[in-house]
Amino acid sequence: MSFLKNQWYCAGFGHDLAERPLAVRILDEPIVLYRLPDGRPAALHDRCPHRFAPLSRGKVCGESLQCGYHGLEFGADGSCTSNPWGDHAIPKAARVRSYPLVERDMFLWIWMGDPALAREEEALDLGTFFNRPQHPVVYDSYKLEANYEVVVDNLLDLSHGIYLHGGTLTNGKEGAGKMRVEMKQEGDTVIALHRRDNELPAPFLSKAWGGRTERVNHRSDMHWHPAGNLVHVVGITEIGQPQGRDDGVYLHVAHILTPISERQTHYHWIAARNFALDDAEAGKALHAAIHRAFTQEDEPMIAAVQERMGTTDLMALRPVLLPGDAAALRARRITDQLRKRELDAAPVAPVTFRAAVTPT
Amino acid sequence: MSFLKNQWYCAGFGHDLAERPLAVRILDEPIVLYRLPDGRPAALHDRCPHRFAPLSRGKVCGESLQCGYHGLEFGADGSCTSNPWGDHAIPKAARVRSYPLVERDMFLWIWMGDPALAREEEALDLGTFFNRPQHPVVYDSYKLEANYEVVVDNLLDLSHGIYLHGGTLTNGKEGAGKMRVEMKQEGDTVIALHRRDNELPAPFLSKAWGGRTERVNHRSDMHWHPAGNLVHVVGITEIGQPQGRDDGVYLHVAHILTPISERQTHYHWIAARNFALDDAEAGKALHAAIHRAFTQEDEPMIAAVQERMGTTDLMALRPVLLPGDAAALRARRITDQLRKRELDAAPVAPVTFRAAVTPT
Amino acid sequence: MSFLKNQWYCAGFGHDLAERPLAVRILDEPIVLYRLPDGRPAALHDRCPHRFAPLSRGKVCGESLQCGYHGLEFGADGSCTSNPWGDHAIPKAARVRSYPLVERDMFLWIWMGDPALAREEEALDLGTFFNRPQHPVVYDSYKLEANYEVVVDNLLDLSHGIYLHGGTLTNGKEGAGKMRVEMKQEGDTVIALHRRDNELPAPFLSKAWGGRTERVNHRSDMHWHPAGNLVHVVGITEIGQPQGRDDGVYLHVAHILTPISERQTHYHWIAARNFALDDAEAGKALHAAIHRAFTQEDEPMIAAVQERMGTTDLMALRPVLLPGDAAALRARRITDQLRKRELDAAPVAPVTFRAAVTPT
């Protein structure tokens, strides 16, 4: 299953990119990120066309990245800007692929496909979520041993919370029979709504709810955008009250998935809360709860599922399907359509970089 | 080289299976074992047909095993017994393969082939060996990095004891020229008899012999049953005395080999002694001697041999053959015949489980 | 890319081979080295033809190596010298491949090709370098995760010193524009000359230069001999003085590369100095400087280059070429010619050992 190329993918948190170049692998391509003197980030193919050293082992020299092996320098557009050897002429083939890169909110977004199709305004805009000073955030990132679509499956079917996160993120089995699930599609966006009414507050929210023990209504609204970006509202409200985006006690969460390789995924998440606003300890506790649920419950299960699947082609395994699978299946179908559209539109030669030999 | 399917294989020691489900890999298939409320053990394919989570990550719920991801439950016969979602209807394809499983003596035995051919009475009966209260046992198990047939080779040609275990299990080179080897076949059983007369007691038995220093006769009778079950009598008697199964000072040992995958083997052993009956320290010393010989002498050599072979097809390497190889070669020939018989009798489609899609 | 077979390869330092047999892997073949009672070294294929145990797990018995599994013994010519079993007859097929082996200076040299073509006098003679008592040596060896030709590339293009070793082996970027490079070929030997005039003494030589701060001339003369043996003079002289092999303060270094497998290389080096002759601390400091430069600068870069190349066929990647690449490219061209010559001259069947079955 090939990756979608013509998409903006998260290349990392912006604050992780400082003076030193940063090596990342995205869609199984080696990429080096660095910052220009004015702070703008740039992304190049992480392989010098001379002796194939990773440019990420070099250093930033002004606007360019200097190879740490023999000193060729490359600018943000991928052209060679300096050759310290011989007559200092720049060999015609001395250039590397450059990738469109945008910094928006806390994230760096990279375009892995045809640069002519990149529209910066289409990179995920999380501003309405995270640019509110009154909503403090916690965040983290992990490397998962699974194809990113298996992680999308996990996030679009939160019925797993009853079993996998019973006692941590949910109250467990009590909720199974009562969960209501709804799926909608808007353009290429899939929306999965989960409702659990008249339940005790979920453990990780009970303190935010002031320790009150009355039953409440739970809501979870997940919006999936291709390829692996999920925006999520999860919260509780008093029974009988409205359950809108900004009602009650809630978290606004972004789950951002970037394929590292066919069976590895980089997962960045960020969660903004509307409670315990000035309480740093509450923020730490919230981070700890999400971190624990993810690293001790989701992550091992997702890796085990990938291992047992033995492939990334879920449908070829002919899974038994349950009602909760509707959203995840719709996302897979949209992904398949986008993949087909990309392959049909592809130029005769694939868009990959290849250095030509300099005659000597 | 495919595995023999229509055989009982050891799935583990019975005492290792308690409240929690247990994941094992046998013939490269993932299996989950669990106990029903009445104590009977059950074995299922360790993969939920819904999202392919390992069922071994779930928990036992009454007679069923509950998937830890989305909560489907499966009974000991592999049928789905509960679907907590939607209208609770059981999807027709929601079932997993169930394996015949027998608990006998200290072992769990699993049938990996056509269930219609499984006869419980054919699972290895070690009762005459180990069900004698007067014969205390020691036991252990290891994971080896080699095909199980390479381990059978090791156990059916104990001439290696002179070199590999010289000073621990044998007195070393002195015995090489004097060892007498005999091979017999009875049905599909291969019997390898090794005799070393008029030697000092083997180091690991000398204490059992009361520290006496007269020379003795050594015997080792190994019975191999397909695929990898070996029953072994090893002992010493005074010169001129009978060398029957129950004469002198002896151990009755079972060496039980289960293929994990093509190049990994699970090895369970158990040894009953007729000496130092009430002496727990003697039991510990005996365990330590066998454990040391196996983990420090046999195991590294067997893994090194497998690595140097680079294949599991010994005969394709055209080995130089010595007299001591007769029993091991006979066992390989019987295995080849059984393999051919299985393949010839196989139905058109192989006996493997495959879930069908539930139309949604 | 197949290896050159008809070459002498370094099998190790002679002083590392003592009473116990030593296992090495060369050109992806398992080899066991051992010493005969008179001290001569011998090399055999490290796999017993009986059950394929590594002979290196056995022990030296007089002139022979005894297999540690079942006791067959093999002499330095590869013939079986003892069978302890049955009638003690030696099975006709019981022999292993023997390799020509020479001990010269500090090195053991092994011939991996047709024994009929081995001429001991062609093994690298480092005597004029290292047999001078007045020139103390330091040495070491490492295992690298790269094809040996990638390491040759590194050593024949020392322009990398400016960037990769700036501040340790060189004064860094200052030198880039001033470095003069010359390449010569003499027979199958490639000579790469690097000159940097009028520079501060290189950091690792400054102490040897008595801490004097005048500018000096630097020279580096590298001689490559197939397949991977490089002899190197590196030194500094006062400006205006001759720059011959034995002028000024210098090191005579041998860089000896042996392919372990396609992407692993054993690297032995030895460096003789003409300064601080009785100063053991200076020797330690020199070892530390070379060791540090190699393990912290070269080794990670070479492994990263190999990983990024993803192949051992450099030219297939169409590298951009710089003037400094001339010597390395010439060495690759000579290697290609020698490879072609070997393949053209090869007998119909390749020269590999294969045991025949002994009928039983």
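Biologist: Which residues touch the most other members of the largest nonpolar core?

Modeller: In this predicted model, that core has 300 residues. A:Ala11, A:Ile110, B:Ala11, B:Ile110, C:Ala11 and C:Ile110 touch the most other members.

Biologist: What makes A:Ala11 a member of a nonpolar core?

Modeller: Membership takes a buried residue of a listed kind, Ala among them, joined through C-beta atoms within 7 Å. Buried means 20 or more other C-beta atoms within 10 Å. A:Ala11 belongs to the core, so A:Ala11 passes both tests.

Biologist: Which residues is A:Ala11 in contact with, leaving aside its neighbours within four places in sequence?

Modeller: A:Val24, A:Ile26, A:Ile31, A:Leu33, A:Ala43, A:Leu101, A:Leu108, A:Trp109 and A:Ile110. In soluble globular proteins, nonpolar side chains tend to be buried together.

Biologist: Where does B:Asp313 lie?

Modeller: In the loop between α5 (280-309) and α6 (326-345) of chain B. The C-alpha atoms of B:Asp313 and B:Ala94 are separated by 39 Å. Along the chain, these two residues are 219 apart.

Biologist: How do you know that chains A and C are related by a three-fold axis?

Modeller: A rotation of 120° superposes chain A on chain C, with RMSD 0.0 Å. The shift along the rotation axis is 0.1 Å. That is the relation of a three-fold axis. For chain C on chain B, the rotation is 120° with 0.1 Å of shift, and the RMSD is 0.0 Å.

Biologist: How many residues do chain C and chain B give to their contact?

Modeller: Chain C gives 25 residues and chain B gives 21. On the chain C side, 14 are nonpolar, seven polar and four charged.

Biologist: What domains does the assignment give for chain A?

Modeller: Domain 1 (8-121) and domain 2 (127-342). Their C-alpha centres lie 33 Å apart.

Biologist: How do you know that the two domains of chain A touch?

Modeller: Contact needs C-beta atoms within 7 Å. Ten residues of domain 1 and twelve of domain 2 take part, so the two domains of chain A are in contact.

Biologist: Which elements give two or more residues to the domain 1 side?

Modeller: β1 (8-13) and β2 (22-26) of chain A. The largest share, three residues, comes from β1(A). By class, the domain 1 side has seven nonpolar, no polar and three charged residues.

Conventions:
Residues numbered from 1 in each chain as written. Chains lettered and ligands numbered in written order. Predicted model: local features only at pLDDT ≥ 70, side-chain atom pairs only at ≥ 80, totals over all residues. Least-squares fit on C-alpha atoms with pLDDT ≥ 70 in both. Nonpolar A, V, L, I, M, F, W, Y, C, P; charged D, E, K, R; others polar. Buried ≥ 20, exposed ≤ 12 C-beta atoms within 10 Å, placed from the backbone. Domains from an automatic or database assignment. Helix = DSSP H or I, 4+ residues; strand = E, 2+ residues; numbered from the N terminus.
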